[in-house]
Amino acid sequence: MRSLENFKNVLDELIDFVEENRSLLDTNHVQFLVDNHWFTDSILNPSLRNDLEYFIKEKSGLEKGPVNLIRYFSELFDFDPKLENLNSLFFKLRKLFEIWDDEICTDQSELLKTDKSELIEFNKMVNDKFSVIQKQNRFMNLKKSYEVDHMSKFVGTLCRKHEIYTIVDIGSGRAYLSSQLSSSIFDNKFNLIAIDSSQSNVESSIKRINVMKRKTQVFDQKQQQEADRFKTFSQFIQSSTELHNLVRENTENKLENENYALVGLHSCGNLSNSIINLFLNNSESDRKLLCNVACCYNLLNEKYAKDPLSNYDFKKTDIKLDDSSKFPMSAYLNSNQYALTYNLRMLACHSLYRCLDSIENYKELNNATLWYRTMLQLILYENYLEDFPNQENSTEINLQVGRKMLDFDSMPPFVEYVRKVIKKFNLNNDKLTDDQINEYMNKHESMKPKLDIYIQIKYLMAPIIEYIILLDRLIYLYEIDNLEKFDHYLVKLFDPAKSPRCHALISFNK
Ligand SMILES: C[S@@+](CC[C@H](N)C(=O)[O-])C[C@H]1O[C@@H](n2cnc3c(N)ncnc32)[C@H](O)[C@@H]1O
């Protein structure tokens, strides 16, 4: 049953699960060796550790292949009775995943269904046009095309259904979504206002649109209409931003502009919360619609977490962010000052469903890059700690090595990697011989499968953290309007294996 009461009950269950496993979840992978995560009872419960060690011994190795806990999780009826603690954890997890799908999420088709012939025709026209444009080069990668096509159709149909003709795309990036919604694919029905805090993104969106125009056909009248219906601005948005005048000034048809949709595709960190508040604060619209797909929970600020990164200004804007854009949003979680912390939010960004979709061959199965990184961290701690004076009071050397240092497809020998990092950070290259560096690898070799399984068990629990953040937002909408004027939904808009941040928070007038 979708009701505020039930949502709160589910949120309690999700939170209980996280609290039971917090000590493990709230660890930084890179510190795995340095902080001895595996053998620290207060981090990894000894009975769970025993099960995981049994699993490594019995279910992996030369013939059985690498440790694959994700496969074990997905094999519904083949649980090993000897793994009592692990099984019990997995049963709880599965139950929570089921509850999420059945009791929290709404099927998107439910929102789109219609018997209005005008709308059925509109959808048919849009589908016909899609079959043509999908063959053209639209200067988007495959993942982005999938998201933009799916979301533009979804938003376009909902807007038509609710007779909303102005759409504001916030955090529009290169305006993939908004330029498509303003185009003739949707019969030039929608006015689009695209806003992004980054001026270079705004410029690059204009360049892309111009290139596309040149590539497709001669600039005809229809395209001129498209240009008029698409406007883009650079502005940093937060909950207190005054949007209404901007919308009013930039829509052609003054009769339509009182009503508008607020959309955001992969609105990172706090931006999703700001969009929800803008939607609620917009009292000028008679009719309005919200469709927000979040991402980058690591960049979300928190009200109650004590770790330094939970209040860090990731965008370096120097703009003081209002508290209403931070986690948590709901009065329910605010009342007990609930906090996640950076490590947990970072974990929430992972993509379990990608692993589940390629169960024998997912990237983390090998973990080669992370293994190098954790061992490098140990080398830094044991040999170069004095080179990181700013970290004196911290237990962590927070070194941004950068992804480019390691190419997953062509892993260099460990010594080569360490030498590269030493050079990049101007550390003393003579401190360690190649043999000494290789000795690290030999000495800790037995920890590699443990790192693999430690990562996999954390990934399996990662969706629960994302669900807490999303459900907090849904409950917040219900707290402000308990289905009196609006309907609120969470839908799985995208296939999570294709696009991991797949949930859309939706709200519109009844
Ligand atoms: C992950 S990107 C998504 C871009 C685009 N929606 C897409 O799907 O391709 C997030 C975008 O939001 C913008 N952004 C982040 N915070 C913002 C804020 N507070 N106000 C406006 N734009 C913001 C960033 O500059 C970035 O372009």
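Start by selecting the ligand: of the 19 residues around it, Gly171, Gly173, Ser197, Ile237 and Leu265 come nearest, where near means a C-beta atom, placed from the backbone, within 6 Å of the molecule. This is a predicted model, in which local features need pLDDT of at least 70, side-chain atom pairs count only at pLDDT 80 or more, and totals for chains, interfaces and linings use all residues. Residues are numbered from 1 along each chain as its sequence is written.

Next, colour the elements that give two or more residues to this shell: helix H8 (176-181), strand S3 (191-196) and strand S5 (260-268). Helices (H or I, at least four residues) and strands (E, at least two) are DSSP runs, numbered from the N terminus. S5 supplies the largest share, 3 residues. By type, the shell splits into 9 nonpolar, 8 polar and 2 charged residues; Ala, Val, Leu, Ile, Met, Phe, Trp, Tyr, Cys and Pro count as nonpolar, Asp, Glu, Lys and Arg as charged, and the others, Gly among them, as polar.

Now pick Ala261. Setting aside residues up to four places away in sequence, Ala261 touches Val155, Cys159, Ile164, Ile167, Val168, Lys288, Leu289 and Cys291 (contact: C-beta atoms, placed from the backbone, within 7 Å). Ala261 is also listed with Ile167, Val168, Leu262 and Leu471 as having the most contacts inside the largest nonpolar core, a set of 117 residues. Such a core joins buried Ala, Val, Leu, Ile, Met, Phe, Trp, Tyr and Cys residues through C-beta atoms within 7 Å; buried means 20 or more other C-beta atoms within 10 Å, exposed 12 or fewer, and partly exposed in between. The most residues in this core, 21, come from H19.

Follow that helix. H19 (residues 448-480) packs with H1 (residues 4-25) at about 145°, their axes 9 Å apart; axes are lines fitted to C-alpha atoms over the stretch in contact, with angles from 0 to 180 degrees between N-to-C directions. To see the contact, show Phe7, Leu11 and Leu14 among the H1 residues, and Ile464, Ile468 and Leu471 among those of H19. The contact residues are 19 nonpolar, 1 polar and 2 charged.

Finish in the loops. Between strand S6 (288-295) and helix H13 (331-335) sits Pro328, and the peptide bond from Phe327 to Pro328 is cis, with omega near -5°. Cys296 lies in the loop between S6 and H13, with a positive phi near 50°. Cys296 is partly exposed because it has 19 C-beta neighbours inside 10 Å.

Definitions and conventions
Contact = placed C-beta atoms within 7 Å.
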